[in-house]
Amino acid sequence: MWDRHQFGSGETEEAVLNRLRLLERVYDPVTNRHLETLGVTRGWNCLEVGAGAGSIATWLSGKVGPEGKIVATDINTRFLQPISGSPIVIRQHDILEDPLEEKQYDLVHCRTLLMWLRDPEKALRKMADAVRPGGWLMLEETDYGSILSVDASNPSAIVFSDTWRRGIEFLRKNRIADPYFGRRVQNLIDQLGFIDGKNEGWTRICRGGEPMARFDLAAAQMAAQPMIDAGFLAPETLEMMQKLLMDTTFDYPGLTMFSAWGRKPVER
Ligand SMILES: C[S@@+](CC[C@H](N)C(=O)[O-])C[C@H]1O[C@@H](n2cnc3c(N)ncnc32)[C@H](O)[C@@H]1O
């Protein structure tokens with residue numbers, strides 16, 4: 001079995017930041033729209049777990065103003081330091097291992113985090129405990145199911161779908177990530193006893209070369225070397241995939257970002 005801790009270790013800092021910025025560019029409008037519906041406003045105390053390059057923490061800081069607080073955590077805070085300063089507090093924190101305050105936050109949010117964790121349920125319990133009674137928990141995780149449904153009449157459909165399917169199998173078999181985590185988010189929130197739950201999945205048909213395809217390319221490049229080493233991917237197939245994902249005449253249904261949210265009942 002591939003050592004999950006080595007996964008992504010060959011990525012340069014520049015490549016990681018490029019991948020995170022593309023993720024933000026594609027999915028921030030979706031996340032911000034959902035956060036708007038929760039009514040995030042001045043004075044809120046928010047926790048952003050696995051904050052990455054920090055765009056959501058920054059957006060939230062504009063909503064809560066100086067009387068609020070945003071705690072932005074990540075196991076590696078290197079890309080978050082530039083946004084440190086009131087009302088944003090940066091905390092180096094492993095959601096699986098490090099203690100977290102309870103019943104503190106009006107909002108606890110994470111995006112594309114749980115699917116990568118070896119024990120997502122443990123992380124989720126801690127995040128749920130951190131929400132104050134009456135506060136919100138929002139989970140957003142990707143699901144690769146939709147990317148497999150590329151139009152079969154497209155001559156490149158077979159190689160495209162087959163390569164993604166192999167990538168998904170590689171991630172699952174080696175317990176690196178759960179590429180189908182997105183479809184679980186609503187149930188997980190419901191099982192925690194949260195109420196007023198809602199969810200939405202977002203995707204679109206994307207064309208090679210667009211930011212969404214470039215994000216998929218960055219994700220594929222992150223997985224490529226471990227897959228090649230393990231005999232799951234031929235270098236020439238990687239080359240073909242890179243071409244397709246930059247080919248402005250090629251289109252395919254993108255990943256689905258599933259967002260779900262619920263409110264912690266007020267104690268009586
Ligand atoms: C795919 S990135 C998503 C970043 C950000 N949430 C976004 O959507 O823009 C996942 C982030 O989770 C962080 N992470 C991974 N394991 C973690 C853990 N155990 N505790 C906290 N953060 C973690 C990574 O360092 C990375 O920044």
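Reply: Two strands pair if DSSP finds at least two bridges between them. Strands (E, at least two residues) and helices (H or I, at least four) are DSSP runs, numbered from the N terminus. This is a predicted model: local features need pLDDT of at least 70, side-chain atom pairs count only at pLDDT 80 or more, and totals for chains, interfaces and linings use all residues. Residues are numbered from 1 along each chain as its sequence is written.

Me: OK. In which sense do β2 and β3 pair?
Reply: Parallel, over five bridges. There, V71 stands opposite V89 in β3.

Me: And which residue in β2 is the bridge partner of L47?
Reply: V71. β1 (residues 45-49) and β2 (residues 69-74) are parallel, with four bridges.

Me: How does the chain cross from β1 to β2?
Reply: Through helix α2 (residues 55-64), in a right-handed β-α-β crossover. Right-handed means that, with the strands pointing away from the viewer, the path from the first strand over the helix to the second runs clockwise.

Me: What about β1 and β4, how many bridges?
Reply: Four, in the parallel sense, with β4 spanning residues 105-111. E48 stands opposite H109 in β4.

Me: Zooming out, what is the strand order in the sheet?
Reply: β3-β2-β1-β4-β5-β9-β6. The sheet is open, has seven strands and shows mixed pairing.
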